[in-house]
Amino acid sequence: MATKIRLQRGGRKGYAVYRIVVADVRAPRDGKFTEKLGTFNPNTNPATVDLNFDRALYWVETGAQPTDTVRNILKSEGVYLMKHLRGGVKKGAFDEATAQSKFDAWKQAKEKGFDAIREGEVKAKKEAVAKELEQEKKLNEAIAKKVAEKKAAAAAEAQAAAAEAAAEETAEAPAEEAAEAPAEA
């Protein structure tokens, strides 16, 4: 029986989540499968892979052919590297402990890379928030300046109106006194 390691779609519309399964090549994509090896969620950044490493390695070594996407997933998880290192152990190029130490060093370097990516994203988000805050402060200062100018203009108009009213009152008061004075005489 020819087997394939493939993705089986799940999740909802617009939010696909996949199972990594071993299935007969003649089985439909979402049909019957032999074994579930893990899950793959491409919606997160970076994509989340939960994989049963030992079983995936077993199936790759027994000749199950992965699809292109699954092959990339298995390579990124180190299944193919471990297969390669085990081949070197079988040929006598190095022992099992050396192979495991090489794999562990590769895995640590990969984790450091992911950590750097996550830290870069967090830093970029913080910078974006700080930039937005700075722009909002500038906008608020501009609005406050306009409001202050409007209040100053309104106060100036009120002062001018008050001064004009006072000038009219002072102008009317001597006129009334002058009009009353001849009447008394």
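**Entry 1: terms and model**

I call a residue buried under 20% relative accessible area, exposed over 50%, and partly exposed in between (1.4 Å probe, protein chains only). This is a predicted model, in which local features need pLDDT of at least 70 and side-chain atom pairs count only at pLDDT 80 or more, while totals for chains, interfaces and linings use all residues. Residues are numbered from 1 along each chain as its sequence is written, and side-chain values use heavy atoms, with hydrogens and water left out.

**Entry 2: helix H4**

I looked up Ile143 and found it in helix H4; helices (H or I, at least four residues) and strands (E, at least two) are DSSP runs, numbered from the N terminus. Ile143 counts as partly exposed because its relative accessibility is 45%. Together with Leu139 and Val147, Ile143 forms a nonpolar patch on the surface, and the three have about 260 Å² of accessible area together. Patches are made of residues with over 30% relative accessible area and no salt bridge, with like charges joined within 9 Å and nonpolar side chains (Val, Leu, Ile, Met, Phe, Trp, Tyr) within 5 Å. Accessible areas come from the Shrake-Rupley method with a 1.4 Å probe, and for residues only the protein chains shown count as cover. A salt bridge is a side-chain nitrogen of Lys or Arg within 4 Å of a carboxyl oxygen of Asp or Glu.

I then turned to Glu169, which lies in helix H4 (residues 96-184). Glu169 has 57% relative accessibility and therefore counts as exposed. A surface patch of negative charge gathers Glu164, Glu168, Glu169 and Glu172. Here Lys and Arg count as positive and Asp and Glu as negative, with His and the chain ends not counted; the place of a charge is NZ of Lys, CZ of Arg, CG of Asp or CD of Glu.

I also noted Lys123 in helix H4, exposed because its relative accessibility is 53%. From C-alpha to C-alpha, Lys123 and Tyr80 are 33 Å apart in space, and in sequence they are 43 residues apart.

**Entry 3: strands and a loop**

I found Asp24 in strand E2 (residues 15-24); at 16% relative accessibility, Asp24 is buried. Its side chain makes a polar contact with the side chain of Arg26 at 3.0 Å. A polar contact is a pair of N or O atoms within 3.5 Å; within protein, one must be able to donate a hydrogen and the other to accept it, and residues adjacent in sequence count only if both atoms are side-chain atoms.

Glu35 lies in strand E3 and is buried, with a relative accessible area of 19%. The side chains of Glu35 and Arg55 make a polar contact (2.9 Å).

Last, I checked Pro46, in the loop between strand E3 (35-41) and strand E4 (48-51). Asn45 and Pro46 are joined by a cis peptide bond, with omega about -10 degrees.
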